[in-house]
Amino acid sequence: MRIREEHKEYLKEKTHHVKEYMGIFFRWVFLSVIIGVFIGGLVGTLFYYALEWCTDTRSTHEWLLYFLPLGGLLIVWLYRSCGVEKSRGTNLILLSIREKEPLPAKMAPLIFISTSITHLFGGSAGREGAALQIGGSLGYRLGRLMKLDENALHVVTMCGMGSVFSALFGMPVVAAVFALEITSVGVMYYSALVPVCISCLLASGIAESFGAIPTHFVLNASEEGISLLPALQIAVLAGLCALVAILFCRTLRLFGKLYQRFFPNPYIRVAVGGVLVILVTLLTGVHDYEGAGGDIIERAIGGEARPEAFLLKIILTGLTLGAGFKGGEIVPSFYIGATFGCWMGGLLGIDPGIGAAVGLVCLFCGVVNCPITALFLSCSLFGYDTAPYFFLACAISYMLSGYTGLYSEQTILYGKFHAKFINKKAE
């Protein structure tokens, strides 16, 4: 009799646990569907087409570059009118996931409009930083409206980040892993795996159904399997890309500090920055460094790049973002890595197209400290034939780039050179 009672109690307890787990599961499915459809699918698609229009309009009317200082003044005015004296950008999103840092509702429309202005008038910037901020802030606000607890707020913020990123680039797996990996290097939020996965898949599917084109490149040459000489050449290139990644991150920080020091007034700072971008562009004689530069990345993957292109992109991106213009740093890192890899790969005896592909992935890995995301990125962009080489390149770039990173609020929990817990911020 006693055994039967204990058995009933055990079954009752197990049934309760199953009901509880299934309730949590379906709650997250419901939330992730809402985020994937409305935040990633609709807002992300709208942002995709807004930037496409800005890029096409700027390419058709190159004289728009001369209005970049006025565009910068408008951006500063918008932020100050909304009471934002100092924008912390993507760093604030990362902080909100790890700690109890609130995200203002006005963050999403501000970064949407200001990034569009930067792209329309030829600032050298990307779009993914804006995607993380738009998605993260909208996901957070949805969580607040639904009165979710603090831990759940972190998850919906990651869902929002990943879904808008997925809609923009059409790479749901990369977007999902990136959202899970970016905040604290060394620990992934596996409890957010199901909702982030669903949000990103839905967002990508909806964006594609509206005609958004997924990012993908075709390599003219490929290295299947793995051989010693190509592996050594790619290892050397990956090490050099790690150094360029450090240079890029340090340049962005240096330019930001110099602007703050010499032009403390944000209006003067952004106007001067706009003028400097115009002057450097005129000195180069080409418009290759405006916006994200997707066409230049494609040319580099095809085996064509100027030797100085990566340095000029570093300088112009620093001049643009340091002055107060809005946008992302990751697509510029694609540009820098692809052009550097194309040029340096040729010198090392690697096919320039493969060198560009390796450089793109290595720069991304080096500046965001996300080797798993970088590996998935390489497979999504270039296919699986060269995956062993990309795996090697990502590992080397991750280690040799040290503790530098684009986002100062990113936490690196475990050392890159020693197997120990360090819990330090990216430098």
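## Pockets

Helices here are DSSP runs of H or I at least four residues long, numbered from the N terminus. The model is predicted.

The largest pocket holds about 1200 Å³ of space. Its lining has 35 residues, and Ser 87, Arg 88, Gln 260, Leu 321 and Lys 326 are the closest to its centre. Five helices each supply at least two lining residues: H2 (68-81), H3 (89-98), H9 (228-262), H10 (266-284) and H12 (309-323). H9 gives the largest share, with six residues. By class, the lining has 13 nonpolar, twelve polar and ten charged residues.

## The second pocket

The second largest pocket contains about 880 Å³ of space. Its lining is made of 34 residues. Nearest its centre lie Glu 52, Thr 55, Gly 293, Gly 294 and Asp 295. Helix H1 (2-60), helix H11 (294-301) and helix H13 (330-347) each give two or more residues to this lining.

## Nonpolar core

The largest nonpolar core has 133 residues. Leu 360, Val 368 and Phe 382 have the most contacts inside it. In soluble globular proteins, nonpolar side chains tend to be buried together.

Take Phe 382 as an example. Setting aside residues up to four places away in sequence, Phe 382 touches His 216, Phe 217, Leu 219, Ile 301, Ala 357, Leu 360, Val 361 and Phe 390. One of these partners, Leu 360, is also among the core residues with the most contacts.

## A buried serine

Ser 137 sits in helix H5, which spans residues 128-145. Is Ser 137 buried or exposed? Ser 137 is buried, because its relative accessible area is 0%, and buried means under 20%.

Which residues does Ser 137 contact, leaving aside neighbours within four places in sequence? They are Ile 93, Leu 103, Pro 104, Met 107 and Ala 108.

## Strand pair

Strand S2 covers residues 411-414 and strand S3 covers residues 421-425. The two run antiparallel and are joined by three bridges. Tyr 414 has Phe 421 in S3 as its bridge partner. A hairpin of six residues connects S2 to S3.

Conventions: Residues are numbered from 1 along each chain as its sequence is written. This is a predicted model: local features need pLDDT of at least 70, side-chain atom pairs count only at pLDDT 80 or more; totals for chains, interfaces and linings use all residues. Side-chain values use heavy atoms; hydrogens and water are left out. A nonpolar core is a set of buried Ala, Val, Leu, Ile, Met, Phe, Trp, Tyr and Cys residues joined through side-chain atoms within 4.5 Å. Buried means under 20% relative accessible area, exposed over 50%, partly exposed in between (1.4 Å probe, protein chains only). Contact means heavy atoms within 4.5 Å. Two strands pair if DSSP finds at least two bridges between them. On a 1 Å grid over the protein atoms alone, a cavity is a set of points where a 1.4 Å probe fits but cannot get out, and a pocket is an open set with protein on both sides within 12 Å along at least five of seven lines; lining residues have an atom within 4 Å of a point. Grid points are joined across faces, edges and corners, and a volume is the space filled by probe spheres set on the points. Ala, Val, Leu, Ile, Met, Phe, Trp, Tyr, Cys and Pro count as nonpolar, Asp, Glu, Lys and Arg as charged, and the others, Gly among them, as polar.
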